[in-house]
Amino acid sequence: MSQLETPLFTGLLEHIKKNPIQFHIPGHKKGTGMDPQFREFIGENALAIDLINIGPLDDLHQPKGMIKRAQELAAEAFGADYTFFSVQGTSGAIMAMVMSVAGPGDKIIVPRNVHKSVMSAIVFSGATPIFIHPEIDKELGISHGITPEAVEKALKQHPDAKGVLVINPTYFGIAGDLKKIVEIAHSFGVPVLVDEAHGAHIHFHEDLPLSAMQAGADMSASSVHKLGGSMTQSSILNVREGLVSAKRVQSILSMLTTTSTSYLLLASLDVARKRLATEGRKLAEKAIRLAEETRKQINEIPYLYCVGKEILGTKATYHYDPTKLTISVKELGLTGYDVEKWLRETYNIEVELSDLYNILCIVTPGDTEREMNILVTALRHLSEQFRHQAAKGVKPKVLLPDIPALALTPRDAFYAETEVVPFNESAGRIIAEFIMVYPPGIPIFIPGEIITQENLDYIKKNLEVGLPVQGPEDDTLQTLRVIKEYKPIQ
């Protein structure tokens, strides 16, 4: 196979050249049945390939033609036995990954700082999570990875676990010793599932953390749209056969996937794979160089700190992705959200994420020195404007969420009989819904956990500074849904 091929995108172009009369969906019929203003903005080319799984165009649910070929090329590029395209984002791929190994009552070992899609999959599957506590960075106020020792301890206590899930790398670009974790899990005959949402590019450059497939993992879900150049919502699921069945993975993924699959998204995966496979190293090299130059300049700005190689050296910080610029702003007496808002209003800059103490900027091959210079100029201005309130000589206190005790399985809690109680009176109760700050989408509470006052205070702090707390039915967070408790008859 030649990685220069784009069987799916090329096949779509050949199909639209024939200009067939369409008596099938989508109903806009190449854009002629669509709002003219939107059609003009989107463009005729995009609308012409907004098609459906008719005979000549293959079917994602049972591919035999151009989609099959495109997925085979992707498997070769990412070092997998099989690669499946996802139009449900990496969330859909992660859910398929979890549900393909764990069913009702099965144990699955997961870090507590997993994305909400992992916990959604656990609710759907009925599996029981065995949580490993990630290493917490008390200076930055973020979670890192899990250690090989913690995985080994969990497997010795739960040798009947059906899988170990690892985040590689984290949202902030930190990776643990994935190869060692894989070796340990495989010695127990347990497959390793990798949330590689933020690592689509790492396979293609030796200075980046090992990819899941390079480390010998059994499955990995990767957001090609995040850092690999495809369109938003398009992702892949890589599979190494042996401890998992590719046919079962395909079946589960199909259950979770719309039958009206977007060919725009699929074609963007096809061309993104080609570019990564043929130019990935060069593109990653450019992004790494830009990021490292920018990191150096940021670290020369008073009261700001951009995380670099110095963070490495613990068992949970084995490697890192330098294209992630995690910038601590707490010494300026500002929250990350304050800085996000200031950058938006003052410099028209949008960041990837902000939290109580940091902002996160991602650097990709789509960036140039121009954007980097604007960011550095803006951060210099920020430091100058707010230096009067900097915590000179005083170490700012970092508030971290507590890891609550799990009283019920997430599925049992989610489907239990519930009641609504005031937020301020909920401590000690068992929560029946998710609460998280998104991004990054790591739950503060998951269904089945005992509500702690510390985490209620942490949620309040996030709300006070304007961060997007999500999940509960009551989006004002005046109330929470908890498991109903029956009082004895007097």
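This is a predicted model: local features need pLDDT of at least 70, side-chain atom pairs count only at pLDDT 80 or more; totals for chains, interfaces and linings use all residues.

**Entry: charged pairs**

I looked up K68 and E72 and found that their side chains meet in a salt bridge, with 2.7 Å from N to O. Both belong to helix α4 (residues 66-78), where they are four residues apart and so separated by about one helical turn. K68 counts as partly exposed at 38% relative accessibility, and E72 counts as partly exposed at 33%.

I then turned to R429, which forms a salt bridge with E419, the closest N and O atoms being 2.5 Å apart. This pair links distant parts of the chain, since R429 lies in the loop between β16 (418-422) and β17 (435-437) while E419 lies in strand β16, ten residues apart. I noted R429 as buried, at 14% relative accessibility, whereas E419 is partly exposed at 24%.

I traced an open sheet of four strands in the order β11-β13-β15-β14, with antiparallel pairing. Its edge strands are β11 (305-306) and β14 (353-354), each of which pairs on one side only. Between β13 (residues 324-328) and β15 (residues 358-362), which run antiparallel, I found five bridges, and the partner of K324 in β15 is I362. Helix α11 (residues 263-298) packs on this sheet and touches β11 and β13, its direction making about 10° with that of β13. Helix α12 (residues 336-347) also packs on the sheet, touching β14 and β15, and its direction makes about 50° with that of β15.

Notes
Residues are numbered from 1 along each chain as its sequence is written. Side-chain values use heavy atoms; hydrogens and water are left out. Two strands pair if DSSP finds at least two bridges between them. Helices (H or I, at least four residues) and strands (E, at least two) are DSSP runs, numbered from the N terminus. Contact means heavy atoms within 4.5 Å. Axes are lines fitted to C-alpha atoms, for helices over the stretch in contact, and angles run from 0 to 180 degrees between N-to-C directions. A salt bridge is a side-chain nitrogen of Lys or Arg within 4 Å of a carboxyl oxygen of Asp or Glu. Buried means under 20% relative accessible area, exposed over 50%, partly exposed in between (1.4 Å probe, protein chains only).
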